[in-house]
Amino acid sequence: MSHVMNTYSRLPVAFTHGQGVWLWDAQGKRYLDALGGIAVNTLGHAHPKLVKTLAAQAGKLIHTSNIYQITEQENLADKLAAISGMDKVFFCNSGCEANEAAIKIARLYAKSKGVENPAIVVMEKAFHGRTLATLSATGSRKVHAGFEPLVSGFVRVPYDDLEAVRQVAQNNRNVVAVLVEPIQGEGGINLAHFEYLRGLRQICDEYQWLLMLDEIQCGLGRTGKWFYYQYAGFLPDVVTLAKGLAGGVPIGACLAKGAAAEAFKPGNHGSTFGGNPFACAAALTTLEVIEQEKLLDNAVKVGDFIRVALGAALANATGVVAIRAMGLMPRIEFDRPCAELTQRALDAGLLINVTADKVVRLLPALSMNRDEAQQLVDRLSILILDFLGQTAPAH
Ligand SMILES: *Cc1c(COP(=O)(O)O)cnc(C)c1O
């Protein structure tokens, strides 16, 4: 009997080591990792530059405290500000903590405007984390169930629906912010239209709301730009990051601009581990390697290749509703539940994930190359055709 709490229904495999997009289990079986620890292993496994940084940093300093200055944290904040256009960064250890910081910023911002009972607009099918405030912001009954009473102060609207947000703006004087994923990850890789995001920016300007983007899954190069909002061509007030930021070392970050960047004063917020030298050194190297190895371009090229090649391989498959990919965030939607594909893929030495019941999602390392992508497409298309009860066309 395991003494680990029963929070995940785990697949029956444990890995011993990895290299790039490959993982091995104790029996020596090799797996192609198309999930990257759910968008965490940005550089793949055991990237030599990251390994070197971690070893060197551990030999110097792992942790001091936020009651002292931390050079690595200063440097990382500079770098994040430069690539994002934001002014200031708060560091924590996970995505939900980054969103907690954003929610607390919105509440302080509200008080500064004289709004005593503030509300934040959030979306149906959103996922923002598992703490009480972030699960309350999350748009899934499954995530809420059993944890009531939920944290109040959230107003929920349909995703990608500007009119719904306008309605709220006209009717609710307590709203001070919008919290939204530009691409919904757990919700099924749903992309917001650029027009919608620009419209949100306009509404937020008009009503002096904070536009807070959760880019924890879609940010940091996955779509081919550092941040998805950079495609839409505006700056948000708050951006939250975590998953891929330090290549697997736990970290979270809440980036803010303007009034939002000035909301916290000493005593308002904090984190013991947040922004420690080890995590920040890991993040600095991760960002550096993304630039050196041109992984933003790679995400677009390899993502496009996967989309086109999968599209061709599954062109005649009935049961596939849509194949899309914005950079290395491909999704394959089916007309039926497809959860069993995860185990079938594992048996075939391929790591994928199913979300929102009917969507296969791939979140591989940004360093995945063409040849590895071809192997992914070959293996996955055979699995899918088999799952749908159809056979692969003869070559
Ligand atoms: C994973 C995720 C979170 C939560 O991050 P944790 O590190 O698990 O707390 C929040 N928002 C989005 C969009 C995510 O994908």
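## Basis of the model

Because the model is predicted, local features need pLDDT of at least 70 and side-chain atom pairs count only at pLDDT 80 or more, while totals for chains, interfaces and linings use all residues. Residues are numbered from 1 along each chain as its sequence is written, and side-chain values use heavy atoms, with hydrogens and water left out.

## Around the ligand

The residues around the ligand, including Ser-94, Phe-127, His-128 and Glu-181, are those with a heavy atom within 4 Å of it. This shell divides into 3 nonpolar, 6 polar and 3 charged residues, where Gly counts as polar and Cys as nonpolar. Helix H4, residues 95–112, gives the most to the shell, with 3 residues; helices here are DSSP runs (H or I) of at least four residues, and strands (E) of at least two.

Polar contacts are pairs of N or O atoms within 3.5 Å. A polar side-chain atom of Lys-243 lies 2.6 Å from an oxygen atom of the ligand, and a side-chain N or O atom of Gln-217 is 2.7 Å from an oxygen atom of the ligand, whereas Asp-214 places a polar side-chain atom 2.8 Å from a ligand nitrogen. The protein covers 82% of the 390 Å² of accessible area that the ligand has on its own (Shrake-Rupley method, 1.4 Å probe).

Strands pair if DSSP finds at least two bridges between them. Strand S1 (residues 15–19) runs antiparallel to S2 (residues 22–25), joined by 4 bridges, and Gly-18 has Leu-23 as its bridge partner. In the turn of this hairpin, Gly-20 has a positive phi of about 60°.

S2 also pairs with S3 (residues 30–33) in the antiparallel sense over 3 bridges, with Arg-30 as the partner of Trp-24. This hairpin has 4 residues between its strands, and Gly-28 takes a positive phi near 85°.

Methods
Polar contact = N/O pair within 3.5 Å; in protein donor to acceptor, adjacent residues only side chain to side chain.
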